[in-house]
Amino acid sequence: MQEAVELTRELYGFEAQAEQLPSYIDQNFRLEHPSGRKMVLKIANSGVGRDELDLQNRAMDYIAASDPGLQVPRVVSTLGGDRIVAVGGASEQHYQVRLLTYLDGIRWAKAPTPNSRQLRRLGDFVGSLTRALEGFSYPAQTHDHNWDVKHFPRLRDRLGELANARRRGIVEQVLDRFDREVAPRLPWLPSSVIHNDVNEHNVLVDARGGEITGLIDFGDLVQTVTASEIAVTMAYAMLGQDDPLTVGTHVLCGYHQRHPLGAAELDALFHLVLARLATSVTLSAYHSRLDPGNKYLTVSEAPGWKVLDELIELGPEDVRRHFGEAIGEASGRSAGRGIDEILDLRKHHIGPSLSISYRKPLKIVRGAGPYLFDARGRAFLDCINNVCHVGHCHPKVVAAAHAQSAVLNTNTRYLHDSLVEYAERLTATLPDPLEVCYFVNSGSEANDLALRLARTFTGHHDAVVVEGAYHGTTICAVELSPYKFDGPGGAGRAAHVHPVPAPDVYRGPYRSDDPDAGRRYAADVRRAIERAEAEGRQIAAFFIESMISCGGQVIPPAGYLRRAFRHVRDAGGVCVADEVQVGFGRAGSAFWAFESQGAVPDIVTLGKPIGNGHPLSAVVTTREIADAFANGMEYFNTFGGNPVSCAVGLAVLDVIEEEGLQENARVVGDHLLDRLSELAGRHPLIGDVRGHGLFLGIDLVRDRRERLPATDEATAVIEAMRDRGVLLSTEGPFHNVIKIKPPIVWQTAHADIFADTLDEVLTQGVA
Ligand code: PMP
């Protein structure tokens with residue numbers, strides 16, 4: 001105490017009356033200035049760094065500036081103008097001192113039990129706090145603490161602190177649910193700097209009316225999931241209450257009115273509340289072992305267990321529904337048509353040659369990262385959408401489209417920075433001599449244009465394609481697609497199209513045990529060209545996907561593409577790599593899938609992932625081919641290359657680079673391939689697993705030796721996976737290959753969800 005008085009005199013130049021305040025780990029003194037003004041002298045624990053205190057100071061300044069109505073302490077400088085001072089001599093042992101203004105009011109814990117209005121006010125206050133902190137950031141994570149919900153999974157290491165097996169079981173259950181339901185989705189929840197400890201000791205209220213007068217103690221401030229702020233508030237507000245769920249719901253409603261929560265945040269909310277309670281009781285047990293005398297450390301332990309005991313009995317889905325109803329979400333979300341009504345309207349107004357996925361159709365209303373959500377808010381792990389490549393609704397891509405749409409969208413006959421900037425960035429990812437771009441709107445259009453380029457350049461007319469391939473939906477692209485012309489309703493092969501066997505080393509004539517398979521399959525291309533020439537026809541182009549998707553997730557054997565390209569060029573044709581599905585880093589080891597074959601095409605067609613869902617596609621070719629195409633007929637494309645599309649394309653490239661997604665595809669893809677190979681060892685239905693990066697296939701067979709395709713079983717697996725929240729589909733000529741080509745933001749946790757669910761489905765058995 002005396003020390004506090006002396007420090008105040010020395011640093012701040014006044015004689016104070018001092019009184020020690022209870023505190024978690026710091027030493028806090030209430031000081032009275034001779035003028036009667038009260039202040040708080042805070043002497044931080046020696047483990048707390050100056051950066052951390054500076055961050056707290058800046059956060060309090062930021063809040064005061066953005067919302068002066070929110071009462072938070074303000075920093076008082078020393079006589080020398082410092083906001084933080086180190087005292088105490090020996091370098092490692094010194095303490096950081098700050099003087100803060102004192103806020104009037106009593107601690108929430110000392111006030112009478114709050115009524116529903118006061119609870120809503122608390123939520124409203126915290127909602128304002130979230131808003132006031134919006135945009136506040138700090139350069140690096142200055143601290144990494146156990147109270148940050150991101151690190152909740154590591155509480156598992158502390159389970160040993162809980163001697164009581166039942167209690168340990170509860171915390172374990174909270175951890176298990178968190179690992180399953182929240183951890184994989186955390187990166188896609190909104191994030192910001194939060195106070196992270198809005199509890200009954202840090203919220204101050206007016207002793208008479210119970211109105212909130214301020215918030216203190218910014219020592220747990222952290223950049224984390226924004227929704228954790230309200231979850232923490234709810235968790236502490238529930239302590240000691242007879243009906244904790246109702247209490248928490250009042251707080252939530254107040255918050256939501258001030259700062260609406262998104263559906264994904266609401267999905268996580270109950271788990272976040274449980275996580276804080278579980279953290280609190282477990283760390284209390286830990287601290288009371290270390291420091292048995294410190295009451296403050298364990299003050300919420302008994303009420304914490306009581307609330308946890310009650311909440312753990314509630315079904316998370318029921319609580320989720322309850323939260324949604326309380327904030328009026330249910331009425332908002334059920335707005336919109338029911339499944340039957342939509343099906344009926346589709347029958348009337350949508351062309352019937354369009355299928356619908358799954359026996360029980362899904363109405364998907366929202367997407368985030370690797371997840372899709374149905375109208376009831378159920379999350380589905382998306383394993384097949386290679387269009388939303390960098391994750392559904394990636395905020396950076398959405399923002400780029402939004403910002404450019406608000407400024408200008410026009411066509412490429414005006415000069416604009418974005419067109420040339422994008423062409424420059426895109427071609428920089430491609431090997432020489434691929435340097436000239438044409439921007440179009442779909443993969444089909446890209447392949448259509450690629451054939452025109454090839455024909456104009458070569459003066460030839462015909463095309464070689466791979467059996468089972470799909471290249472698009474225009475007349476020209478359907479003619480290039482055996483998948484269509486040989487399928488139901490197809491007109492068969494047009495005279496100018498020459499299919500060659502797919503280079504499939506699992507089912508084709510040359511198998512994985514044949515080291516010469518690449519050369520042999522490439523010789524099929526040569527033979528097809530010779531047959532065409534024998535009929536007096538000449539090859540303009542060879543179209544091939546660098547990894548074959550619709551054809552059954554086929555990875556060509558080494559050397560195939562390079563050799564096949566040579567045969568085509570020897571015949572005067574050009575080589576078109578269709579990277580519509582497989583480009584942009586999906587292959588993991590290479591940005592473009594053809595690079596993994598050591599081949600360079602003359603034309604490359606791009607689509608799907610290029611715009612993360614925005615209708616953008618491109619053809620990139622050589623100067624020579626482009627010059628030949630400039631024969632007098634203009635090539636103008638109304639929408640292709642417009643400023644919004646280019647802004648989106650640039651944002652996608654930025655995200656792939658900034659988030660290291662190509663490398664991510666490699667790491668997660670390798671992990672998944674390992675998991676699937678292990679499953680193949682236990683489930684005879686799996687005949688083969690293959691792939692590169694996050695482009696994988698599981699070939700299901702009735703008989704491993706005969707390699708009989710298990711088509712019905714594959715359909716049953718897809719449906720069973722869908723029922724368990726995992727979205728998949730089949731590929732290949734026999735529709736027996738399960739395709740996996742998710743947004744490449746998948747983490748290993750998502751690969752594990754996929755593998756675990758498949759394991760469960762195969763273990764239970766399919767019809
Ligand atoms: N090429 C390939 C390899 C494709 O998979 C597709 C679409 N599935 C296309 C071209 C056609 O693209 P779009 O549907 O954008 O016209």
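Helices (H or I, at least four residues) and strands (E, at least two) are DSSP runs, numbered from the N terminus. This is a predicted model, with residues numbered from 1 along each chain as its sequence is written. Local features need pLDDT of at least 70, side-chain atom pairs count only at pLDDT 80 or more, totals for chains, interfaces and linings use all residues, and side-chain values use heavy atoms, with hydrogens and water left out.

**View 1. Tyr358 and its positive phi.** Look in the loop between helix H11 (339-349) and strand E12 (364-368), and you'll find Tyr358. Its phi is positive, about 75 degrees, although Tyr358 is not a glycine. Most residues other than glycine have a negative phi. With 14% relative accessibility, Tyr358 counts as buried (buried means under 20% relative accessible area, exposed over 50%, partly exposed in between, with a 1.4 Å probe and protein chains only).

**View 2. Where H3 meets H6.** Here helix H3 (residues 116-133) and helix H6 (residues 244-258) cross at roughly 40 degrees, their axes coming within 6 Å. The axes are lines fitted to C-alpha atoms, for helices over the stretch in contact, and angles run from 0 to 180 degrees between N-to-C directions. That makes H3 and H6 oblique to each other (under 35 degrees is roughly parallel, over 145 roughly antiparallel, 65 to 115 roughly perpendicular, and the rest oblique). Among the residues making the contact are Leu119, Leu122 and Val126 of H3, along with Val247, Val251 and Tyr255 of H6; contact means heavy atoms within 4.5 Å.

**View 3. An open sheet of seven strands.** Follow the order E15-E21-E20-E19-E18-E16-E17 and you have walked across this open sheet, whose pairing is mixed. Two strands pair if DSSP finds at least two bridges between them. Strands E15 (436-440) and E17 (497-500) are at the edges with a single partner strand each, so one side of each has no neighbour in the sheet. From one strand to the next, the twist averages 20 degrees.

**View 4. E18 and its partners.** E16 and E18 pair in the parallel sense over three bridges, and Asp462 stands opposite Ile539 in E18. E18 also runs parallel to E19, joined by five bridges; there, Glu545 stands opposite Asp578 in E19.

**View 5. Helices against the sheet.** Helix H14 (residues 443-458) lies across E15, E16, E18, E19, E20 and E21, running at about 150 degrees to E18. Helix H18 (residues 560-570) packs on the sheet too, touching E16, E17, E18 and E19, and its direction makes about 165 degrees with that of E18.

**View 6. The E20 and E21 pair, and Pro615.** Four bridges pair strand E20 (residues 603-606) with strand E21 (residues 617-621) in the antiparallel sense, with Thr605 opposite Val619 in E21. In the loop between E20 and E21 sits Pro615. Leaving aside its neighbours within four places in sequence, Pro615 is in contact with Val440, Asn441 and Ser645.

View 7. Pro433 is in the loop between helix H13 (417-428) and E15, and the peptide bond from Asp432 to Pro433 is cis, with omega near 0 degrees. Phe584, in the loop between E19 and E20, has a positive phi of about 65 degrees although it is not a glycine. Phe584 counts as buried at 0% relative accessibility.
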